[in-house]
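Subject: Structure for your review

Dear colleague,

Please find below the structure I am handing over to you.

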Amino acid sequence: MSSPRRSIIIRGARTHNLKSVDVEIPKGKLTVLCGPSGSGKTSLAFDTLYVEGQRRYIESLSARIRQHFEDLPRPDVDFIGNLSPTVAVGNQTQTRGIRGDVAQLTEIFDFLRLLYTHLGEIFCPDCGWPVRSWDSQAIAETLQADWLKGRRAIVAFNVAEGFSTASDPVDRLKETAAKLAADGWTRVLLGNRIFAVEDVPALITEAGLSNREASLGGQAAVENGHDQLLAVIVDRIQLGSCPESRLRESVETALAQGTGKCLVFVEKRDSASCTGRPGEFCSERGTLVGEVVWKSCRLDDREWLRAEFARQFVCPTCGQVFARPEPNLFNSRTAIGACPRCQGTGKVATLDPAKVFPDFHLSLEKGAIAPLRRAGLSRFQEELLRQAKEFGIPVDQPVCDLTPEQLGLVLYGSEERGVAGLEGILRKLERQRHQFAWRAWMQQWKIEIRCPQCRGTQLSREALSVFLESRWQKVERPGEKNELRIPAANHEDGGGLVQRLNIRQFCSLTVDEAIEFVHHLVSRRPETRQAVYCREAILQRLLSLRELGLGHINLDRAGNSLSSGELRRTLLAAALGSGLKQVVYILDEPSAGLHPRDRSALRRMIHHLRDRGNTVVVIEHDEALIREADLVIELGPGAGERGGEVVFQGSPKDLANASTLTAEYINHRRQIAFTRPRRQAQGWIRLAGASGHNLKDITVEFPLGVLCAVTGVSGAGKSTLVEKTLYPALVQKLRGVGPQPLPFSDLLGEKQIGDVVLVDQTIPGKTWRSNPATFIKAFDEIRKVFAQSSDARVRGYGVSHFSFNSREGQCPRCEGEGFLEIDMVFLPNMEISCPECEGTRYRQEILAISYRGKNIADILHMTVREAYFFFRGEPQIQGKLRRLMDVGLDYVRLGQPMASLSSGESQRLKLASYFSRSRKKPTLFILNEPTRGLHPHDIHQLMECFDTLISLGHSLLVIEHNLALVASADYVIDLGPGAGLEGGRVVAHGTPEEIAACPDSVTGQFLLKILEGRSSPESRSRTQRVE
């Protein structure tokens, strides 16, 4: 055992089913917790170790800051010592929200916002010219360029508006000239000539300039591109020979007097190009040299070049003003960063023609517009018909005969033509009717589409005008789908071709592409320490994603579109990329959802995390990771009440000599093996033309009446094919309504099944009131038994009196919770057992009713096995409880809160609920990684459940990486061969033996070893079924 100072000491842990567990976890080492599902691994790692680490961190903060955090309860443990800050990467299967993508989940987007703030350059979306902010130092350095040396230059500024208060334009011009002369200015630029300032009034009088000419600036000023008629000359200098101090002082004066703007005129020399500088970019709007736009003009009958510099970010050609880049500008949750049209959601609601016109063969006057058929809206119908007639829209013809322009006027109206349209009518109703029912009624006619202004990017126009440049070039690959097509923004900068991307275009790159872009980043702005730090932080997280096999994932890929394995690795990459040291990382089955090919990279990353000086605690069933651990702690020996004890603690080498359940499987003294013959398909469902996400227009046939496994490397398209295409397509066919499937062309054979059910591992009820007895409806039958007792009938108690959710039966003080929460003001709230019901949740008079010597609270405290034998002679109750025993949940207490169940227990509980229902029609059950979170011992019971379902005439379709289950399947569909764009095809299909014989199947290579091991005589002799 390691030194106590170098170990995390846990004494008397009693969280959930833990039985006063005492363990020591060495710091700076990799510790693996293993054991059967429900043995207490999560209770020890997360509900004890992690919760205490988080609680101590929050308590170290000030009371003012603590009020913004959710209070964490103190775990039921006697003592925890030497605990460092804890970071958890749980077994999440859902994302943080609709705005969560890969870049946000890994915090890459946060660092991108900072990087674009420090190094980003603004380009006008209308003109394409660079936009930057200038100070006197930058302007002076620009004017000292080699190509400008020896040329005459004029530094000037435009007279600001409001300099004169005269109402008459001519008088205002004269007054301005007089004020300038009084301020000491000697020369001005009037039109295209230079005059002494005292001569301006006389010149205006002699020229007879009209008010209109004075207000517009005169033709000469328009030709020269002046914003105003009058510009003041600050200095006339010879570039190259003029002292830098004089140049900077003149520019600073012009910026100060010109309200942040400065004009510079440079003598133009005879040359074939605009400026005489090679590599320039010329257009009708001017000549771009570096970051300066020069425009040709005439002064005193000579050719000059004119440039305008501003302290603000102003486009030099169109004058559009941009906001200074800051992190909030790139945040769609802020007012300055969000798109003003969609408010940062990326979607807008608009009328759906299919809902508005359910029958396109009706005419407008015959009631084709469904929303206006509602009672009380006839006047709006008449108003719309009147407007349609005024603009020549035939109201007596079927809607299908109207042109798109006419339909657009009817639906959306036109502000220019003064037509409100149906959309305007609904907006008017929304302002007048504030009831929720009216708003819900109006929303049913709308559909959400991508915002036309930001194109779904959620960001404002100004945020999308900031770009980073790189010498990396994006290579378009066949079959690639990208909503944000990168525009042609390439240009030569002397060092090669440069690609320009804004922040959303950067996020449309894959991880591999983003790494190359950041590696070859170029910038004209100085790279500050903050920019270097952000760049390294982004690279570190991107490299972690690639190391974990996620190089094919786009950074803007929504988290809810990732498979469970991809999501888990994404969150793990965020933890690995943070660079934290001397902390405790707690990982919940990181290898779950990963193909065997991807697990070696995961193990390397976990070792790297440990080698950085961190303590890593992993809940894991993977044999390879257990063998590579520094310390193995096995909890057991069983699950639930039969678990919660430390049955082994030592090195992996010591585990080889142990006799625990995990040691039996690690040392191959027990194996998962079913010797039954392969079942033959009883029918087929054919899905044709599946092309969602990375699927390559594939056609797949799924067998019925058997156990079919869909395999492939992580990211090959398994979840896209099964969960997001096949399942919603079947739901719509069988039930008429359902979620929208991803694109496919045809579905055949769905009439061979009566229903389709998706069984996942999410917890079905997350409140402390839901429990296994209520979920499988066994508690309804139990309450009926109590209500039929003689004592209950005498007192007039019904079924509802025995429910802790009803006022008739629940304790009035705790309202059926069983505990009271005490507000400790600045301290965390405290939960105590209800003193009135003593935690039973029921009234005392209800607890007085007994059945065979037990009251209703005693029944809820029983395990499933105890309750099964207690309710002998009650077939309705025993039948439902038997289903829980069949799926290996006999140790669970009837009243155990659902929130305390593990993911594996939750999935088996759902299977039990399906068993307890009478399903006469054959059903297709779809499961995504049913073995996730299960010990090899638990997989035996799960496969027995599968056999039971199939024997009842149902079908099973599972997405799975567990090779033992795949080898026991009747039929396998292998997708691949790679991930992302390299996947999405059917590599092989058939029996496990046929998959193993396919040389192109990555799964087959690993499956071959399993099948060969099972076929050997030695393996068959040591394989046994666990009872």
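Please note that this is a predicted model. I begin with a residue that follows a helix: Gly613 comes after H20 and has a positive phi, near 100°.

Helix H20 itself covers residues 596-611, which makes 16 residues. From its first C-alpha to its last it reaches 24 Å, close to the 22 Å expected at 1.5 Å a residue. Its buried residues include Pro596, Ala601, Leu602, Met605 and Leu609. Asp598, Arg599, Arg603, His607 and Arg610 are also among the buried residues of this helix.

Leaving aside residues up to four places away in sequence, Ile606 touches Leu30, Leu587, Pro590, Val616 and Leu625. Val618 lies twelve residues from Ile606 along the chain, and the C-alpha atoms of the two are separated by 9.3 Å.

I turn now to the cysteines. A disulfide is a covalent bond between the sulfur atoms of two cysteines. A search of the whole structure finds zero disulfides. Cys127 is in no disulfide, and the nearest cysteine sulfur, which belongs to Cys318, is 3.5 Å away. Cys127 is buried, at 18% relative accessibility. Cys708 is buried as well, with a relative accessible area of 1%.

With kind regards

Methods. Residues numbered from 1 in each chain as written. Predicted model: local features only at pLDDT ≥ 70, side-chain atom pairs only at ≥ 80, totals over all residues. Heavy atoms only, no water. Helix = DSSP H or I, 4+ residues; strand = E, 2+ residues; numbered from the N terminus. Expected span 1.5 Å × (residues − 1). Buried < 20%, exposed > 50% of the residue type's maximum accessible area, 1.4 Å probe, protein only. Disulfide = S-S within 2.5 Å. Contact = heavy atoms within 4.5 Å.
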